[in-house]
Amino acid sequence: MMRSVLLTLLVASATAFVPVTPIAARSASALHVAIDTSDIKNGMTIEIEGEPYKVLSFSIMKQARGAAKTTIKFKNLQKGNTIENTFRSGEKFETAMIEKKDAQFTYKDENNNYFFMDCETFDEIAVNSNIVEDKAKWIAEGMKLVLVEFKGSIIEVVVPSTYVYEVTETEPNVKGNTAQGHTKPATLSSGAVITVPGYLEKGQSCKVDTDKGAFVERA
């Protein structure tokens, strides 16, 4: 009996000195969650047959008889193709297990690979231009953005919804031109071309809505 008590005390003492490994804090992550058609939202990432699909749009068609149907347009974030399918009301899905990493753009090489620095670990992350796609024109030097990872691979680059860019090229404003609504094209520091008010000059900065590709205000 005494021997059992001593063994129990020794095990308890040893456990007390086992170091606890801290869990690294990351940006918001999404786990596998079972949902149905009523939970679908634009921008949600769903896993279908082991691949990540982003919801681009959806519409619900109510029927006089029978359950409503939901038509969803998806984009495969690994392959880049889009599909559109119609589902019965209440049909089940599973959200994709993704991790979102805060990162900063550093440079692009001659092969059009984009390189980012993980803001937490400071590791360098290379992303192929096929993943960056139409976001490329909004990525500026030093920009902080979000990289979305799925099963160890980056599947999406998310730029800020609004960002301040410098105007690197635009025609000069004509002195005395006060016409209301006068606009002109302008090239931004990221390479994107947008329409700006006539008063904006080269070298000035402006806030841009990157989702709409539209001028917001002078910065």
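## A serine in a loop

Strands here are runs of at least two residues that DSSP labels E, and they are numbered from the N terminus. The model is a predicted one, and in it Ser 189 lies in the loop that runs between strand 14 (183–188) and strand 15 (193–197).

With a relative accessible area of 39%, Ser 189 is partly exposed, because that class covers values between 20% and 50%. Leaving aside residues up to four places away in sequence, Ser 189 touches Tyr 165, Glu 166 and Thr 168. Gly 203 is 14 residues from Ser 189 along the chain, and the C-alpha atoms of these two residues are separated by 9.6 Å.

An open sheet is built from 4 strands in the order 3-4-5-6, and their pairing is antiparallel. Strand 3 (45–48) and strand 6 (82–88) stand at the edges with a single partner strand each, so one side of each is left without a neighbour in the sheet. On average, and with direction ignored, neighbouring strands of this sheet are turned by 40° against each other.

Within the sheet, strand 4 and strand 5 (residues 69–76) run antiparallel and are joined by 8 bridges, and Val 55 stands opposite Phe 74 in strand 5.

## The largest pocket

The largest pocket has a volume of about 460 Å³. It is lined by 23 residues, of which Lys 54, Lys 75, Asp 134, Lys 135 and Glu 156 are the closest to its centre.

By class, this lining has 10 nonpolar, 5 polar and 8 charged residues. Strand 4 (51–61), helix 2 (129–132) and strand 12 (153–158) each supply at least two residues of the lining, and the largest share, 4 residues, comes from strand 12.

Terms used
Residues numbered from 1 in each chain as written. Predicted model: local features only at pLDDT ≥ 70, side-chain atom pairs only at ≥ 80, totals over all residues. Heavy atoms only, no water. 1 Å grid on protein atoms, 1.4 Å probe; cavity = no way out; pocket = protein on both sides within 12 Å on 5 of 7 lines; lining within 4 Å. Points joined across faces, edges and corners; volume = space filled by probe spheres on them. Nonpolar A, V, L, I, M, F, W, Y, C, P; charged D, E, K, R; others polar. Buried < 20%, exposed > 50% of the residue type's maximum accessible area, 1.4 Å probe, protein only. Contact = heavy atoms within 4.5 Å. Pairing = 2+ DSSP bridges. Axes fitted to C-alpha atoms, helices over the stretch in contact; angles between N-to-C directions.
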